[in-house]
Amino acid sequence: MLSVCMLNKNHVRESKLMKLNNPDLLQTKAFINGFWVETSASYAVLNPASLVEVAQVSKCGAKECNAAINAAHTALTPLKKMLAKERSAILRKIATLMLEHKDDLATILTTEQGKNYTEAQGEIIYSAGFFEWFAEEAKRIYGDIIPATKPNTKIMVTKEAVGVVGAITPWNFPLAMFARKFAAAFAAGCPVVWKPSEETPLSANALASICVLAGVPQGCLNVVSGDAVQIGGALMQSNKVRKITFTGSTRTGKLLMRQAADTVKKVSLELGGNAPFIVFADADLDAAAEGALQSKFRNTGQTCVCVNRFFIHDAVYDEFIAKFVAKIAALKVGDGFMPGATQGPLINQMAFDKVAAHVADAKLKGATIVHGGKPHALGGLFYEPTLISNANSSMLFNTEETFGPLAACIRFKTTEEALELADNSETGLAAYFYTKDLALAFQVAEQLEVGMIGINDGIISNEVAPFGGVKESGIGREGSKYGIDEYLNIKYTLIAGL
Ligand code: ADP
C-alpha cells in the first residue's frame with residue numbers, strides 16, 4: 001500500500017474543503033508512481049459558483065506525463081500477473097471506500113464543478129457502481145478452445161491486458177467518467193495514466209487517494225493534471241501507451257484519433273451528442289414532461305446525453321409545453337451547496353457564452369421565449385433555465401450541442417418528419433421518445449441512428465448497460481459486460497504435437 005502525504009494547506013483556499021472528514025482526500029499535487037509530486041508550475045482552480053479561487057494545483061507537462069507513463073509501464077507485468085480475484089478485491093474496496101467517503105467527495109465535486117450537492121452525491125454512488133460491476137467482471141475474462149483444423153492440435157484463445165492506458169476525461173462528471181474507464185482497465189490488468197480536466201483536478205486526486213487506500217499498487221494509477229496539449233502529446237507519442245480512452249468534445253476526439261494513428265493505439269472515444277427527444281401524439285405527457293426535465297436540466301444541461309432538440313407532435317404541442325414550463329419554473333438556481341438548489345452555474349465563461357449565443361440566435365430566427373432566456377440575477381456563470389417554443393431546424397442549437405440549460409421545441413406532424421429531423425445530425429449518442437404504441441416504439445427505436453435509446457424514460461445511464469455512440473459520437477462502449485473488451489487484446493495460440 002502507498003503512503004498519502006499530508007495536505008499542504010497553503011494551497012487550499014475554500015473553507016468547505018478545509019472541513020472534510022478525511023483531509024487526506026484533498027490533494028493538490030500530481031500523483032506519479034505512488035507519490036504526490038510537486039511540479040515547478042501550478043495553476044488556479046475556480047469555484048464556478050463564486051468564481052473564487054479554490055486551490056492552486058500542480059501543473060504537469062510532458063516531463064511529468066512521461067514519468068507517469070514509465071511508472072505505469074513498470075507496473076504492467078506485475079498487474080497482469082496479479083490474480084483476477086485480487087484485482088477484484090481492490091476494485092470492490094474502492095467502491096466501498098467511495099461510498100464511505102461520499103460526503104467528502106461530493107463536497108470537493110460541488111466546490112470545483114458547481115453541480116448541486118445532491119447530484120454530486122449521486123455521481124459518487126453512480127461511480128462506485130462501476131467499481132463494483134468491474135470487480136465482478138475482472139473474474140470473467142474467459143477465453144475459448146476452438147475445434148482444431150489439423151489432427152493432434154488445439155486452438156486456444158485467451159484475452160490479455162492491452163497494456164498501459166492513457167485516459168483523458170472531461171469536467172462534467174469528473175469521477176464517473178473516469179470510474180468507468182479505470183474500473184474496466186484495472187479489471188483487465190492495465191495500469192493507467194489519467195489526465196483529468198484542468199477544471200476538476202481535485203476530484204481526480206480525491207479518487208486517486210481512495211485508490212491508494214484501497215490498495216491499488218504503485219504505478220497502476222497516475223494522475224497528471226495541467227497542460228492538455230503537452231500531456232496529450234506525450235501520451236499519444238509514447239509507444240508504451242497502447243490504448244487511449246477519451247471522453248470529451250468531438251473536436252478533441254478527432255484530434256486524438258488522428259494522433260493515435262502514428263503508433264496504432266487502440267482507441268475508444270465517447271464524444272458529443274445532440275440528443276433528440278420525440279413526444280408522439282399518444283404519449284403520457286406528464287411522464288414526458290418529467291423525463292424531459294430530468295434529461296435536459298440535470299447537471300445544468302451539461303451532460304453528453306442531455307436532450308438538445310425537442311420534437312413535439314402538433315396535436316400535443318401546447319399541452320406538453322404547458323406541463324414542461326411548469327416544471328422548469330420550479331427549478332431552483334443557486335450555489336450547489338444551497339439547500340434545494342437544482343441548477344448550478346455553467347462551468348466557465350465559454351460555456352455561458354455558448355448558451356447565450358444559442359438563445360440569441362433562436363430569438364433572431366423567430367423563436368418565442370416561454371421561460372428564462374437571459375443571464376440569471378445571481379450573475380456570474382448562472383443562466384436562467386430556458387424554454388423556447390416555435391423553434392426550427394435552422395437554429396444553432398439544432399446542429400451544435402448547447403451543453404447548457406436551454407430546451408428548444410420544434411413542432412412535427414408525421415412520424416417520418418420526426419425521424420428525419422432526429423436523424424439529421426452528424427452525431428448519434430442518445431435519443432429519447434415517448435409513446436404507448438408498441439409497434440411504433442419498435443419501428444422508431446430501429447430507425448434512430450444512435451447508440452442508446454430511452455423509450456418513455458429520460459435517464460438511461462447505469463453501470464450494467466453499454467454506454468456509447470455511433471457516427472461522430474464515438475467508438476467503443478463503457479460499462480456493461482462489453483466495457484472490459486476495450487482493454488483486452490485477443491491472443492490465438494495453436495498447439496500441435498498433442
Ligand atoms: P470540453 O469542451 O468538454 O472541455 P475537451 O475535449 O476540450 O471538451 O476536453 C476534454 C478533455 O480533453 C479535458 O481533459 C481536456 O483537457 C482534454 N484535452 C483538450 N485538448 C486536448 C489535447 N489537444 N490533447 C489531449 N487532451 C486534450
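H358 is placed in helix α11, which spans residues 349-364, where helices (H or I, at least four residues) and strands (E, at least two) are DSSP runs numbered from the N terminus. The model is a predicted one, in which local features need pLDDT of at least 70 and side-chain atom pairs count only at pLDDT 80 or more, whereas totals for chains, interfaces and linings use all residues. Residues are numbered from 1 along each chain as its sequence is written, and side-chain values use heavy atoms, with hydrogens and water left out.

With a relative accessibility of 1%, H358 counts as buried; here buried means under 20% relative accessible area, exposed means over 50%, and partly exposed lies in between (1.4 Å probe, protein chains only). When neighbours within four places in sequence are set aside, H358 is in contact with L396, F397, E400, E401, T402 and L406, contact being defined as heavy atoms within 4.5 Å.

In soluble globular proteins, nonpolar side chains tend to be buried together. The largest nonpolar core of this model comprises 70 residues, and those with the most contacts inside it are I94, F131, F182 and L207; such a core is a set of buried Ala, Val, Leu, Ile, Met, Phe, Trp, Tyr and Cys residues joined through side-chain atoms within 4.5 Å. Helix α5 (residues 176-188) gives the most to this core, contributing 11 residues. Apart from residues up to four places away in sequence, F131 touches L91, I94, A95, M98, A179, F182, A183 and L207. A second, separate core consists of 34 residues and includes W171, I410, A422 and L440.

Around the ligand there are 17 residues, of which T169, K195, E198, S249 and T252 come nearest; a residue is counted as near if one of its heavy atoms lies within 4 Å of the molecule. Polar side-chain atoms lie 2.6 Å from a ligand oxygen atom in the case of S249, 2.8 Å in the case of K195 and 3.3 Å in the case of W171. Taken alone, the ligand exposes 540 Å², and the protein buries 80% of that area, as calculated by the Shrake-Rupley method with a 1.4 Å probe.

A search of the whole structure finds zero disulfides, a disulfide being a pair of cysteine sulfur atoms within 2.5 Å. For C190, the closest cysteine sulfur is that of C220, at 10 Å, which is too far for a bond. The closest cysteine sulfur to that of C304 belongs to C306, and the separation of 8.3 Å is likewise too far for a bond. C190 counts as buried at 0% relative accessibility, and C304 counts as buried at 11%.

Strand β19 (residues 452-455) contains I455, which counts as partly exposed because its relative accessibility is 37%. I455 touches F433, A441 and A445, not counting residues up to four places away in sequence, while the C-alpha atoms of I455 and L346, 109 residues apart along the chain, are separated by 29 Å.

Technical notes. A polar contact is a pair of N or O atoms within 3.5 Å; within protein, one must be able to donate a hydrogen and the other to accept it, and residues adjacent in sequence count only if both atoms are side-chain atoms.
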